[in-house]
Amino acid sequence: MEFLSNKEKMWLEDESGKEIAVLDYPEVRPGVVDFTHTEVDDCLRGQGVAGKITKAAAEKMRAEGRKAELSCSYSIKWFAQHPEYVDVLADPEAEAAKAAALAGPACSIKRP
């Protein structure tokens, strides 16, 4: 699985070039992005793609020396379950508080 990326998102395309998974992370201030939204097409459901793209984006941020804030509920839960990526977070305490306050399932990761 080969993800494509630019400064503001990471995505996966099918053979026709259609986006079938995406994680948006616009820059909110110099060196800091916000993981705002994760979507995975139904054709990939049950394959762990949301987790794989989040991990790949976290590793990209780490490699580039950038930090992340989290507003996507999926990303909040993913980082809470993967403390080995705490160094990627701009404010780990704030993100831990978001995770503790988050109730219910993660946001929909299906593209309409």
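This is a selection-by-selection tour of a predicted model.

Residues count from 1 along each chain as its sequence is written, and side-chain values use heavy atoms, without hydrogens or water. Because the model is predicted, local features need pLDDT of at least 70 and side-chain atom pairs count only at pLDDT 80 or more, while totals for chains, interfaces and linings use all residues.

**Stop 1**

Select Glu2. It sits in the segment before β1. Strands (E, at least two residues) and helices (H or I, at least four) are DSSP runs, numbered from the N terminus. Glu2 is exposed, with a relative accessible area of 64%. The cut-offs: exposed is over 50% relative accessible area, buried is under 20%, and partly exposed lies in between, with a 1.4 Å probe and protein chains only.

**Stop 2**

Select β1 (residues 4-5) and β2 (9-13). They run antiparallel and are joined by two bridges. Two strands pair if DSSP finds at least two bridges between them. Leu4 stands opposite Trp11 of β2. Three residues separate β1 from β2 in this hairpin.

β2 and β3 pair antiparallel over five bridges. Find Met10: its bridge partner in β3 is Leu23.

**Stop 3: the three-stranded sheet**

Select β4 (27-29), β5 (32-35) and β7 (67-70). They form an open sheet in the order β4-β5-β7, with mixed pairing. β4 and β7 are the edge strands, each pairing on one side only. From one strand to the next, the twist averages 40°. For such angles, axes are lines fitted to C-alpha atoms (for helices, over the stretch in contact), and values run from 0 to 180 degrees between N-to-C directions.

Which way does each pair run? β4 and β5 are antiparallel over two bridges, with Glu27 opposite Val33 of β5. β5 and β7 are parallel over four bridges. There, Val32 has Lys67 of β7 as its bridge partner.

Show the side chains of β7. Ala68 and Leu70 make up the covered face, Lys67 and Glu69 the uncovered one. In a regular strand the side chains alternate between the two faces of the sheet.

**Stop 4: the core**

In soluble globular proteins, nonpolar side chains tend to be buried together. Here the largest nonpolar core has 28 residues. Such a core is a set of buried Ala, Val, Leu, Ile, Met, Phe, Trp, Tyr and Cys residues joined through side-chain atoms within 4.5 Å. Select Met10, Ala21, Tyr25, Phe35, Leu44, Leu70 and Phe79, which have the most contacts inside it. β2, β3, β5, α1, β7 and α2 each supply at least two core residues. α1 gives the most, with seven.

Zoom in on Met10. Contact means heavy atoms within 4.5 Å. Not counting residues up to four places away in sequence, Met10 touches partners including Phe3, Ala21, Leu23, Tyr25, Ile53 and Lys60.

**Stop 5: helix α2**

Select residues 73-81, helix α2. Ser73, Tyr74, Ser75, Ile76, Trp78 and Phe79 are buried. These buried residues pack against β3, β5, β6 (37-40), α1 (49-64), β7 and α3 (92-101).

Which residues surround Ser75? Beyond neighbours within four places in sequence, Ser75 is in contact with Leu23, Phe35, Thr38, Thr54 and Leu70. Ser75 counts as buried because its relative accessible area is 0%.

**Stop 6: Glu39**

Move to strand β6 and pick Glu39. Buried or exposed? Glu39 counts as buried, at 11% relative accessibility. Its side chain makes a polar contact with the side chain of His37, at 2.4 Å. A polar contact is a pair of N or O atoms within 3.5 Å; within protein, one must be able to donate a hydrogen and the other to accept it, and residues adjacent in sequence count only if both atoms are side-chain atoms.

**Stop 7**

Select Cys43 and Cys72. Cys43 is partly exposed, with a relative accessible area of 48%. Cys72 is buried, at 1%. A search of the whole structure finds zero disulfides, a disulfide being a pair of cysteine sulfur atoms within 2.5 Å.
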